[in-house]
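Here are my notes on this one, in the order I went through it. Have a look at the model first, then read on.

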Amino acid sequence: MNIIMPLVWIAAVCAAAMAAGWIFRTVAVAVSPRAIAKALKSAPLTASFGMLMILIYIVGAFLAPAIAPFSETEIVGREFQPWDDVHLLGTDSLGRDMLSRLIYGARNTVGIAFATTIIAFAIGSITGLLAATVGGWMDQTLSRAVDVLMAIPALIFSLLLLSIFGTSVVTLILVIAIIDSTRVFRLARSVALNIVVMDYIEAAKLRGEGLWRLITREILPNATAPLVAEFGLRFCFVFLTISALSFLGLGIQPPTADWGSMVKENATLITFGDITPLLPAGAIALLTVSVNFVVDWQLHRASGLKD
Amino acid sequence: MSHIWSMIGKRLALGLLTLFIVSVLIFLATELLPGDFAEEFLGQSATEETVAALRRELGLDQPMHIRYIDWLTGALQGDFGNSLSNRRPVSELIGGRFGNTLFLAAYAAAIAVPLSLALGILAALYRNSFFDRFANAAALTAISFPEFFLAYILIVWLAGAGGLFPSMANLRGDPSFGDMLYRTFLPALTMTLVVTAHMMRMTRAAIINLLASPYIEMARLKGMSPMRVVVKHALPNALAPIINVIALNLAYLITGVVLVEVVFVYPGLGQLMVDSVASRDMPVVQGVALIFAAAYVLLNLTADVLATLSNPRLVHRR
């Protein structure tokens, strides 16, 4: 393949993406209520493009059975059929329809990553807020435990745990959620530490509010903004980790359609110059980029930075 | 000078302690299983005798602390026990592969560190220009890409049919140094792209943070060129965060090689670990995990010491 042509393509794709973002922003501003429209109007094109893409993924994930022409596990033809009218993106290493698996992948891969992130957040933020609020020995124990867990690189640690517990979706979700919750713990604790010293917390304590009420009603509402932004970033991280593990054959197991393992199964095609196996990888990349763009915009807005 | 040494000594002791706890964690992780590892590994069809034999082989019939001490003293002498799948000593399996992985990580670092520093300084210098915006968007995109996607894109683009570089980085036939650099160029480039993005963004942020300080204003007012202001005045004070992020990314390189090695079929530690995880070959997994974790802890330790040394205020803290 020529060396220069891809660069022209990249430029064209960027331009098309920005145009799509612009159209989406214009439409969204027109149809949404005034308060939201005002915020949307300030969105940069990258963020509007990100929102559009996230929306498409969500729709794809929910309507997968309706959109996909074939089922995700059914063998419908020969192996590695090229792109044609019936199988728009050809077939995979077992003769399953590539496009259908790509669409179902949105449901499986994104769904599992989302569930994992939620669990990681539940564990991390509850323990983090507890450590900051109770303080003393509780804070010391939890923080030192997290320090130790974080001293082992995340990917290596998850590989170690997966080899002990075996590879299944449930272990995958739990292992990644627990490892990732240490990062959430750090953030939740440091955010809450700044809130705990406020006067109104002191007042609430004197009023006799219990620990649970103190955390959920007084501290949590003031810690939401940074935690929400972190949720986006952590989702990207979890999503990439799960795809990586699936790519290594240690994550989501066949025959479930999953983007990471789809790349691995069809990788032989790449050496022949066929880019079909890159599509699932591209799907992963596109969603991560989109989420990052939106988070970037939200962080920028929240911090009030204007550089 | 003595307080610097005592500081380094304290950090080293702390690092050793961390390493010790990490080794306990890696070793005892097998204890998390209900039942024991021998039963789990052999599955349903195993007979009493085979389970007992594997238990003896792994030393599972001994109490936990004795097993740990045996393992640790062995590991310190380079003996990690035998692999479960092919009975060869783990140290033999790890041997040459460790060097290969280090070579790949060092190769990537040698390109990535100067490149990201230069790009970060340029982006800070020409902030909000087209170059800065483009570099930022490109960096954000590169961070968001899964490593294997970048790797395959590079293969399609630069390796393909009649391409410039080989798509598989095998080291067969004892290649010369130059030949090795050529064969491992694509894996090194993949890792470079991943870490450069992160380091560049941090370098830019660290420098821009400082540009608002009064002494920079002063330097600018006395007519210094912008380049000189950034390199002579801002950079030395931004060193601590930059050193930290470089070390973090080098640590990442050591673990990030796992995916890249698999894509390029490179005979390194990561490849070995992935294969062993799939076959649940615990002695190998533990050995490799310990090496990776040790490298990670050591790099973080080095970063900590260097960052402190680069800031006189931290060195002379009372």
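1. Let's start with chain A. Reading along its sequence, the pattern is α-α-α-α-α-α-α-α-α-α-α-α, and the tally comes to 12 helices and 0 strands. Keep in mind that this is a predicted model. The C-alpha trace of chain A spans about 70 × 55 × 40 Å along its principal axes. Of its 307 residues, 41% count as buried. Among the contacts in chain A with a separation of 6 or more, 67% are between residues 24 or more positions apart.

2. One residue I looked at in chain A is Tyr57(A), which sits in helix H3 (residues 45-62) of that chain. Is Tyr57(A) buried, exposed or partly exposed? There are 18 other C-beta atoms within 10 Å of Tyr57(A), so it counts as partly exposed; the cut-off for buried is 20 or more, and for exposed 12 or fewer. Setting aside neighbours within four places in sequence, Tyr57(A) is in contact with Ala106(A), Val110(A) and Leu287(A). Ala115(A) is 58 residues from Tyr57(A) in sequence, and their C-alpha atoms are 16 Å apart in space.

3. On to chain B, which has 14 helices and 0 strands. From the N terminus on, its elements run α-α-α-α-α-α-α-α-α-α-α-α-α-α. The C-alpha atoms of chain B fill a box of roughly 85 × 60 × 35 Å along the principal axes. Chain B has 318 residues, of which 39% count as buried. Of the contacts in chain B with a separation of 6 or more, 71% come from residues 24 or more positions apart.

4. A word on confidence. Chain B has a mean pLDDT of 81, with 92% of its residues at 70 or more.

5. Now the contact between chains. How many residues of chain B are in contact with chain A? The count is 43 residues of chain B, against 37 residues of chain A. At least two residues of the chain B side come from each of helix H1 (2-28), H6, helix H7 (147-159), helix H11 (226-263), helix H12 (269-278) and helix H13 (282-309) of chain B. The residues on the side of chain B that touches chain A divide into 34 nonpolar, 8 polar and 1 charged.

6. I also checked the geometry of helix H6 (residues 130-144) of chain B. At 1.5 Å a residue, its 15 residues should span 21 Å, and the end C-alpha atoms are 21 Å apart, so expectation and model agree. Which residues of H6(B) are buried? They are Ala135(B), Ala139(B) and Ser144(B). Seen down the axis of H6(B), the buried residues fall within an arc of 165°, and so they line one face of the helix. Turned away from that buried side, H6(B) carries the exposed residues Phe130(B) and Phe134(B).

7. Last, a backbone point. Most residues other than glycine have a negative phi. Val265(B), though not a glycine, has a positive phi of about 50°. Val265(B) lies in the loop between H11 and H12 of chain B. With 12 other C-beta atoms within 10 Å, Val265(B) counts as exposed.

Note on methods: Residues are numbered from 1 along each chain as its sequence is written. Chains are lettered from A and ligands numbered from 1 in the order in which they are written. This is a predicted model: local features need pLDDT of at least 70, side-chain atom pairs count only at pLDDT 80 or more; totals for chains, interfaces and linings use all residues. pLDDT is the predictor's confidence in each residue, from 0 to 100. Helices (H or I, at least four residues) and strands (E, at least two) are DSSP runs, numbered from the N terminus. The expected span of a helix is 1.5 Å times one less than its number of residues. The arc is that of the directions from the helix axis to the C-beta atoms. Two residues are in contact if their C-beta atoms, placed from the backbone, lie within 7 Å. Ala, Val, Leu, Ile, Met, Phe, Trp, Tyr, Cys and Pro count as nonpolar, Asp, Glu, Lys and Arg as charged, and the others, Gly among them, as polar.
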